[in-house]
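Here is a short briefing on one protein model. Keep the sequence and the 3D view open as you read.

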Amino acid sequence: MTKTKLMTALVDPENKGMRLDKFLSIRLPFSRSRIAALIENGHVLPSLAADTKVKPGQVFTVNIPEAIEATPRPQKIELNILYEDADLIVIDKPAGMVVHPGAGNFEGTLVNALLAHCGNSLSGIGGVKRPGIVHRIDKETSGILAIAKNDMAHQKLSEQFACHSIQRVYQAVVYGIPLPQGKIEGNIGRSPRNRQKMAIVSTGGKPAVTHYKLIKKLYQERAALIECRLETGRTHQIRVHMTSIGHPLVGDKTYGNPPKGTPDILRQFPRQALHAAVLTFVHPRTGETLSFSTPLPEDMSCLVKNG
């Protein structure tokens, strides 16, 4: 028999006229989309539409079904854990690991590893016992990721990403020597020429801003180590933005080809030389500011040292 948990919410005078789904998402530790699904599936009493305007004195009872098992299967895969508590886990993802199962990558992903590691500490995201992926990095990008274990943490971390209050710092090795520092702006969307790629687009797309600075010149000024700070977090943002100013990432076979005269050590680097080095955010429960940093992984570290 499925276990359930009952929660109640009383409408105060200041909530008068608020939509039911919005009111419950404010009063209960669930996202608005999760609340809407509970309403639609008859788990909120009295049974009203999500857009019903609530009235002071009304009491709503919400029946929270036990989280169901996630579809991806748990797999025991070693993780480099930087921090963990009841609400979230922070890991240093190695290059080559896919974050979420998808076409061609149904096993060996970060989600598979987290399902095995976290086990019953996952109380459910949207009613499914799964880790809450609030941001991603590409398969071949290494570095720091924060993952929520419950709806409350997932919602609050997602809000921080949405308002761009989370600080993210990346390190990358690029071809050529860019200016000592700069700011790159340009909406990013699907490339009109190749739907498998992202691009700076003149219409549509989403606003994207990257701040970069030069850290070290490498290989007789044929490459450079740079630091990038993101105001936004669009798909392939750093890769697209650095390519747009003529300095694609070393090893990025999608967005840039090695210039003439590139040393073999750069030409043969097997992945985009990109590492998520710093992540700073506010803990969703305690309000404490947490900051994590990791050094360059061995492959990128060797690339820089040999330069």
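Which helices and strands each supply at least two residues of the lining of the largest pocket? They are helix 4 (151-162), strand 10 (167-175) and helix 5 (237-244). The model is predicted.

**Largest pocket**
- The largest pocket holds about 900 Å³ of space.
- Its lining counts 32 residues. Closest to the pocket centre are Arg136, Ile137, Gly233, Arg234 and Thr235.
- By type, the lining divides into 14 nonpolar, eleven polar and seven charged residues.
- Helix 5 gives the largest share of the lining, with three residues.

**Helix 5**
- This helix is mostly covered, with six of its eight residues buried.
- The buried residues in helix 5 are Gln237, Ile238, Arg239, Val240, His241 and Met242.

**Cysteines**
- The disulfide count comes to zero.
- Cys228 has a relative accessible area of 0%, so it is buried.
- Cys302 is partly exposed, because its relative accessibility is 36%.

**Ile81**
- Ile81 sits in strand 5 (residues 81-84).
- Its relative accessible area is 31%, which falls between the 20% and 50% cut-offs, so Ile81 counts as partly exposed.
- Beyond its neighbours within four places in sequence, Ile81 is in contact with Ile89, Val90, Ile91 and His117.
- Asp92 lies eleven residues from Ile81 in sequence. The C-alpha atoms of Ile81 and Asp92 are 6.5 Å apart.

**Arg19**
- Arg19 belongs to the loop between strand 1 (4-10) and helix 1 (20-27).
- Leaving out neighbours within four places in sequence, Arg19 is in contact with Arg32, Ala50, Asp51, Thr52, Lys53 and Val54.
- Gly42 is 23 residues from Arg19 in sequence. From C-alpha to C-alpha, Arg19 and Gly42 are 17 Å apart.

Definitions and conventions
Residues numbered from 1 in each chain as written. Predicted model: local features only at pLDDT ≥ 70, side-chain atom pairs only at ≥ 80, totals over all residues. Heavy atoms only, no water. 1 Å grid on protein atoms, 1.4 Å probe; cavity = no way out; pocket = protein on both sides within 12 Å on 5 of 7 lines; lining within 4 Å. Points joined across faces, edges and corners; volume = space filled by probe spheres on them. Helix = DSSP H or I, 4+ residues; strand = E, 2+ residues; numbered from the N terminus. Nonpolar A, V, L, I, M, F, W, Y, C, P; charged D, E, K, R; others polar. Disulfide = S-S within 2.5 Å. Buried < 20%, exposed > 50% of the residue type's maximum accessible area, 1.4 Å probe, protein only. Contact = heavy atoms within 4.5 Å.
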